[in-house]
Amino acid sequence: MADQAFVTLATNDKYAKGAMVLGKSLRNHKTSKKLVVLIGAQVSEPSRAVLQTLYDEVRLVDVLDSGDTAHLVMMKRPDLGVTFTKLHCWTLTHYSKCVFMDADTMVVANIDELFDREEFSAAPDPGWPDCFNSGVFVFRPSNETYGKLLEYCTEHGSFDGGDQGVLNGYFSDWATADIRKHLPFIYNMSSIAIYTYLPAFKQYGTNAKVVHFLGKTKPWSYTYDTNQRRVRGNVQEASSHPGYLLEWWSLYSSCVLPLKQ
Ligand code: UDP
Ligand code: MN
């Protein structure tokens, strides 16, 4: 059987930091899968060098832009156009099955069991649970699917201006067709759940296997005091649980920063 891989994407140095922490967290939890990072031309040489030490494959991709700037502006997230680059992951046909993970995710347990799932598996989006969140998903690389996805983009665009809109449009039977393709929320636990449903977070949050720092403020938007081991900035304002934010930063400062020297 051909290899299986975790795949992420970083088009610039900021998201590259996220990819570094994600890669390190997967290694720390002893994944047996290959690690692939798709990078954009903007990623600097020093960042690429660090990514090379953590990932089996660092692959440069052309940044596709949705061109749907009206939608993007509407969502006040002009940066999301680049997430179309995500679709490139379907071209990794030297792998039989992959799990895509956003660069703003971090694993807190081994999640190799996700490879038992089929395309297209993903967890519900906390904002609109009949849609899946495209931060973590199981897929099968295929040039045919890639072509169809691009065709879908051209014809229908994206209802949210980003990859999540395209993918939900294309895999539109996800909500109803097969419950096995609904990943449990613990595989893509966005911190939003903490304040939208605190009792559930208290009950189930400790089972989380993947934390997703979804939203505008990312872990790397804060600063970290290495001596006091504290995150600086308005942590209360963070869309994420301060404990996970601290975990992200301690991983970054103890495992990633030394690689940069
Ligand atoms: N991404 C990137 N560069 C960007 C914006 C996004 O590489 O400028 C990638 C990165 O992997 C990121 C994913 O696209 O995790 C989705 O974007 P983001 O996580 O910011 O969206 P959110 O999860 O907050 O909706
Ligand atoms: Mn994300």
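Biologist: What makes strand S6 (residues 121-124) and S7 a pair, and in which sense do they run?

Modeller: In this predicted model, S6 and S7 are joined over three bridges in the antiparallel sense. Two strands pair if DSSP finds at least two bridges between them, so three bridges are enough for S6 and S7 to count as a pair. One of the bridge partners is Phe137 in S7, which goes with Ala122.

Biologist: Which other strand is joined to S7, and by how many bridges?

Modeller: Strand S4 (residues 95-101) is joined to S7 by four bridges, and the two run antiparallel. Here Phe137 in S7 stands opposite Phe100.

Biologist: Why is strand S7 (residues 132-139) called largely enclosed?

Modeller: Eight of its eight residues are buried, so S7 is largely enclosed by the rest of the structure. For S4, six of the seven residues are buried, so that strand is also described as largely enclosed.

Biologist: How do you know that S1 and S4 pair, and in which sense?

Modeller: Five bridges join S1 to S4, and these strands run parallel. The threshold is at least two bridges, so the pair qualifies. In S4, Cys98 is the bridge partner of Ala5.

Biologist: Which residues have the most contacts inside the largest nonpolar core?

Modeller: They are Val7, Ala10, Ala19, Val37, Leu51, Cys89 and Cys98, in a core of 67 residues. Helix H1 (residues 13-28) gives the most to this core, with seven residues. In soluble globular proteins, nonpolar side chains tend to be buried together.

Biologist: Which residues are in contact with Val37, leaving aside its neighbours within four places in sequence?

Modeller: Val37 is in contact with Thr8, Ala10, Ala19, Gly23, Leu51, Tyr55 and Val58.

Biologist: What makes Asn168 a buried residue?

Modeller: Asn168 has 22 other C-beta atoms within 10 Å. Asn168 has its place in helix H5 (residues 163-170). Leaving aside neighbours within four places in sequence, its contacts are Cys131 and Phe132. The C-alpha atom of Asn168 is separated by 9.0 Å from that of Ser158, 10 residues apart along the chain.

Biologist: Why are Lys30 and Arg229 called exposed?

Modeller: Lys30 has 8 C-beta neighbours inside 10 Å, and Arg229 has 12. A residue is exposed at 12 or fewer, so Lys30 counts as exposed, and Arg229, with 12, still counts as exposed.

Biologist: What is the phi of Lys30 and of Arg229, and where do they lie?

Modeller: Lys30 has a positive phi of about 55° although it is not a glycine, and lies in the loop between H1 and strand S2 (34-39). For Arg229, phi is near 50°, again positive in a residue other than glycine. Arg229 lies in the loop between strand S10 (223-225) and strand S11 (230-232).

Biologist: How do you know that the span of helix H4 (residues 143-156) agrees with its length in residues?

Modeller: At 1.5 Å a residue, the 14 residues of H4 should span 20 Å, and the end C-alpha atoms are 20 Å apart, so the two values agree. Just after H4, Gly157 takes a positive phi of about 65°.

Biologist: What makes the peptide bond from Glu119 to Phe120 stand out?

Modeller: That bond is cis, with omega near -5°. Phe120 has its place in the loop between S5 and S6.

Biologist: Which residues come nearest to ligand 1?

Modeller: Of the 15 residues around ligand 1, the nearest are Leu9, Thr11, Tyr15, Asp102 and Ala103. By class, the shell has six nonpolar, six polar and three charged residues. Strand S1 (residues 3-10) gives the most to this shell, with three residues.

Technical notes:
Residues numbered from 1 in each chain as written. Chains lettered and ligands numbered in written order. Predicted model: local features only at pLDDT ≥ 70, side-chain atom pairs only at ≥ 80, totals over all residues. Near = placed C-beta within 6 Å. Nonpolar A, V, L, I, M, F, W, Y, C, P; charged D, E, K, R; others polar. Core = buried A, V, L, I, M, F, W, Y, C linked by C-beta atoms within 7 Å. Buried ≥ 20, exposed ≤ 12 C-beta atoms within 10 Å, placed from the backbone. Contact = placed C-beta atoms within 7 Å. Expected span 1.5 Å × (residues − 1).
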